[in-house]
Amino acid sequence: MGVDRINPAQNASAPYLAPKELREWLASGKEFTLLDTRNDYEIRLGTFKNAVDMQLDTFRNFPQIASKYIQAHPELFQRPVVSFCTGGIRCEKAAPLLLEMGVKDVYQLEGGILQYFMDTDGEGYENDCYVFDRRVSLNRHLKPSTSVRMCFQCRQPVHLTPTPPQQQVEAETKDATENQQQQFEGQHEKEQQQQIEVEKNEVKERKLQAEGRRSRQVPPNKMEIDSSLQCPFCSAFKVSASSFASLSSSVRKQSSL
Ligand SMILES: [Zn+2]
């Protein structure tokens, strides 16, 4: 489908907008449209404030989805449009496509969100940036998020942080602030402990793989069979560290930034 036939070298290319310029545009209150060209599951972890999310399931569908979206919301495309993605690669295709579709004033964010994080204070961007490797998401300081993992089955990013159990909520309303603080810290410690366990398993797994051996299944008691770690999208339990590892490398091969 459409995207592959577009060779950016042979088409009118959209001018780059440097991250610092975008930062200035945002601070100045200039009227323009920020168009997120990433997939819906990436956008869910964070994007620019007021960015347009076209609910793309895959970049392959960009031509059809964008063209419908432009027809449905012409006012958003009658002013400057800044397209952006993770590292700027998808915009090399998306921005010329927008020009072909008749959008007059298109810019592409140079180096994408990651360059924006590097060159500016990150202001204007909300939450994290999804990345196609085992780190899953980075914050504006380019530090991996410790609370997000990728589901080995459906590939959705999943927050490790469980929602507070009902009983805790009830206790909090009854007790004093001091008590709340203790409970919060206890919960936090438990999450950190879970995270350490996951990472220990990953290290073991990598060691085994390096030695050319396939590891046995992690014994059930070591698996995180914990309802708080069940994937909310496909109901799989996020258990095996090896699944994360093999998934991450296969995703990296298939996807570009
Ligand atoms: Zn899942």
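In which loop is the place of Asn50? To find out, select Asn50 in this predicted model, and you will see that it sits in the loop between β3, which covers 46-48, and β4, which covers 52-53. If you display the backbone torsions there, phi of Asn50 is near 65°, which is a positive value in a residue other than glycine.

Next, select Val136, whose place is in the loop between β8 (129-130) and β9 (137-138). Here too the residue is other than glycine and has a positive phi, the value for Val136 being near 65°. Is Val136 buried or exposed? There are 21 other C-beta atoms within 10 Å of Val136, and since 20 or more is the cut-off for a buried residue, Val136 is buried.

Now turn to a pair of helices, and select α3, residues 62-72, together with α4, residues 89-100. These two helices pack at an angle of about 45°, and their axes are 11 Å apart; α3 and α4 are therefore oblique to each other. Looking along the pair, you can follow how α3 passes α4 in a right-handed crossing. To see what makes the contact, show the side chains of Phe62, Pro63 and Ala66 on α3, and then those of Ala94, Leu97 and Leu98 on α4. Coloured by class, the contact of α3 with α4 comprises 6 nonpolar residues, with no polar and no charged residues.

Key: Residues are numbered from 1 along each chain as its sequence is written. This is a predicted model: local features need pLDDT of at least 70, side-chain atom pairs count only at pLDDT 80 or more; totals for chains, interfaces and linings use all residues. Axes are lines fitted to C-alpha atoms, for helices over the stretch in contact, and angles run from 0 to 180 degrees between N-to-C directions. Helices (H or I, at least four residues) and strands (E, at least two) are DSSP runs, numbered from the N terminus. Angles under 35 degrees count as roughly parallel, over 145 as roughly antiparallel, 65 to 115 as roughly perpendicular and the rest as oblique. A crossing is left-handed if the near helix is turned anticlockwise from the far one by less than a right angle, and right-handed if clockwise. Two residues are in contact if their C-beta atoms, placed from the backbone, lie within 7 Å. Ala, Val, Leu, Ile, Met, Phe, Trp, Tyr, Cys and Pro count as nonpolar, Asp, Glu, Lys and Arg as charged, and the others, Gly among them, as polar. A residue is buried if 20 or more other C-beta atoms lie within 10 Å of its own, exposed if 12 or fewer, and partly exposed in between; C-beta atoms are placed from the backbone.
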